[in-house]
Amino acid sequence: MDKNGQNLKISVVNGAVSSWKGDALVIGIYEGGEAQPALAHCGKKVENEVRKRLEEGWLRGSLGESILLPLPTGSGLNVSRLILLGMGKKESLSTESFRAIGGYITQLCHRVQIETCHTLLSLDSHHKAKNKRQHIPVVEALAEGAWLANYRFDSFKSKENKKEEREEFPFKQLHLAVPGERVSQEKKRLTEIEGIVHGVALARDLANQPGNVLNPEGLAAQARQLSERFPAIKTTIYSEKMLARKGMQGILAVGSGSQSQPRLITMEYRKGGDRPLLAVVGKGITFDSGGISLKGGEGMGDMKFDMCGGAAVFGLLQTIAELDWPINVVGIVPAAENMPSGTAQRPGDVIRTAKGVTVEVLNTDAEGRLVLADALYHASTFKPAAIVDLATLTGACMVALGSQASGLMGNDNSLLRQLEKAGEATGERVWRLPMYSEYQELIKSTVADIKNIGGRWAGAITAGCFLSRFVEEKQAWAHIDIAGTAYDTSSSRPHYPKGAAGVGVRLLSRFIQTHWM
Ligand code: BES
Ligand code: MN
Ligand code: ZN
């Protein structure tokens, strides 16, 4: 896979300002025109210059706002320019705002052709607005935001266009200043963040591939490649023959309309000795036309993103292997293309899933739950301590939560609680939807055990209820509906460029770091 936007180096340096050489120094300004305290490290000349500009109202300090200033003569510093960068209101600072600030640094440096830059932002300690005693991990957040914003997807730009784009991408090196005693500790954290961001980039790269370029077999080939790069990952691919032998009609039926055969991809990583196993399942519909229950034309192109859950599983496994985490994980991605054709499944069809549960397929566009049914059952055969699935499953979840949180459902309160915490910490927020037993009534079928749609209301929940039928009740399981969070077509935040967000990789990395190692 391409390595898009992974050429930015970020390092931590100690706080001796006069020794820094580079194209710019970024200084943070709170909304209202107050400079960050660490400005005092820059000497009187710079301090006076900055204060004067702020008094004159050159910058208000709202989040992401910026101005460039020439270095005052005789300042004693060795950077060419000063950048004043707005941090927003002091009272609303959060980890996420520092990710955005890191993202703005990347954007700005590319735009004004800065190759190396230092920042004071990380020199002050900042605290969460809502909980004043809680420290914001500023270095981590700035680096993460800067790296996430540096991603770009230009695999399909032809040479001339690509060259242009590359010239617009001159930013190479960000130095984060920290107090001397914290340098080594922050360095270690940066290595982790880098491994995680690489996983996000892989997830984005995979998910951004259009349907004609990456089909289910293509995704399987990517899994084999991942194993080659990281031998600790063992890949098993089921093709049609094996799917049939395993009775996985859910995956087969969804794939039956396409010229591209479906696959079930399993990636095992076992470096955790006798520690419990985590299973992560991701929906891998490489394109979702709806099938015979064809979707409308508007926005159908976005359905190349219908494998964002699967892409996140790939990204997560790469992160785990790159960072050599001592854990046991199995990643499972059911991959299929949902197309209408003479061989496609029909509304009204009845299929038998690998678990033995029969399903009446009343809408072929509710295909995600059909492939996940077999994948979840397959996951359960590994006897994991927990299963987490990620899927762009329902438009209804988008209606409910928009793009600010993924939908969270499941059967194990402590697992869900841990995921909520990881969501808060990473900014990849999840929000719980109820799974009252009454909702299960909505997917009862007259001809089979269950049907694959539950009617107009509570669509995200009835989809979750459908999935719940494929895990045992005592099997801890969580379902994350990422339909609203998986991709962004507007790019309103600098660390989420247009296209696939890679959502799930940072969420589950955090979840693993805090609860599985
Ligand atoms: N992949 C879609 C869900 C989706 C919609 C994801 C929009 C991202 C953006 C899924 O396969 C689907 O088509 N779901 C149907 C289910 C319905 C037929 C019960 C939907 O949400 O309309
Ligand atoms: Mn669909
Ligand atoms: Zn779909």
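Let's start at ligand 1: one of its oxygen atoms sits 2.8 Å from an N or O atom in the side chain of Glu367, and a polar contact here is a pair of N or O atoms within 3.5 Å. Taken alone, ligand 1 exposes 510 Å², and the protein buries 79% of that; the areas come from the Shrake-Rupley method with a 1.4 Å probe.

Before I go on, some housekeeping. This is a predicted model, where local features need pLDDT of at least 70 and side-chain atom pairs count only at pLDDT 80 or more, while totals for chains, interfaces and linings use all residues. Residues are numbered from 1 along each chain as its sequence is written, chains are lettered from A and ligands numbered from 1 in the order in which they are written, and side-chain values use heavy atoms, with hydrogens and water left out.

Back to ligand 1. An oxygen atom of ligand 1 is also 3.2 Å from an N or O atom in the Lys283 side chain. In total, 17 residues surround the ligand, where being near means having a heavy atom within 4 Å.

Now, the metals. Which residues hold the zinc ion, ligand 3? Its protein donors are Lys283 (NZ), Asp288 (OD), Asp306 (OD) and Glu367 (OE), at 2.0 to 2.4 Å. Donors are N, O and S atoms within 2.8 Å of the metal (3.2 Å for Na, K and Ca), and water is not among the atoms, so sites may look incomplete. The zinc site has six donor atoms with angles of 79 to 175°, and is octahedral. For six donors, that label asks for opposite donors over 155 degrees apart and all others between 65 and 115; four donors are tetrahedral with all angles between 85 and 135 degrees, or square planar under the rule used for six, and anything else is irregular.

The manganese ion, ligand 2, is coordinated by Asp288 (OD), Asp365 (O and OD) and Glu367 (OE), at 2.1 to 2.2 Å. Its six donor atoms subtend angles of 72 to 168°, so the arrangement counts as irregular. The manganese and zinc ions are 3.1 Å apart, and Asp288 coordinates both. Asp288 lies in strand β11 and Asp365 in the loop between β14 and α10, 77 residues apart. Strands (E, at least two residues) and helices (H or I, at least four) are DSSP runs, numbered from the N terminus.

Buried or exposed, how does Asp288 come out? Asp288 is buried at 3% relative accessible area, and Lys283 is buried at 1%. Asp365, at 23%, is partly exposed. Buried means under 20%, exposed over 50%, partly exposed in between.

Methods. A polar contact is a pair of N or O atoms within 3.5 Å; within protein, one must be able to donate a hydrogen and the other to accept it, and residues adjacent in sequence count only if both atoms are side-chain atoms. Buried means under 20% relative accessible area, exposed over 50%, partly exposed in between (1.4 Å probe, protein chains only).
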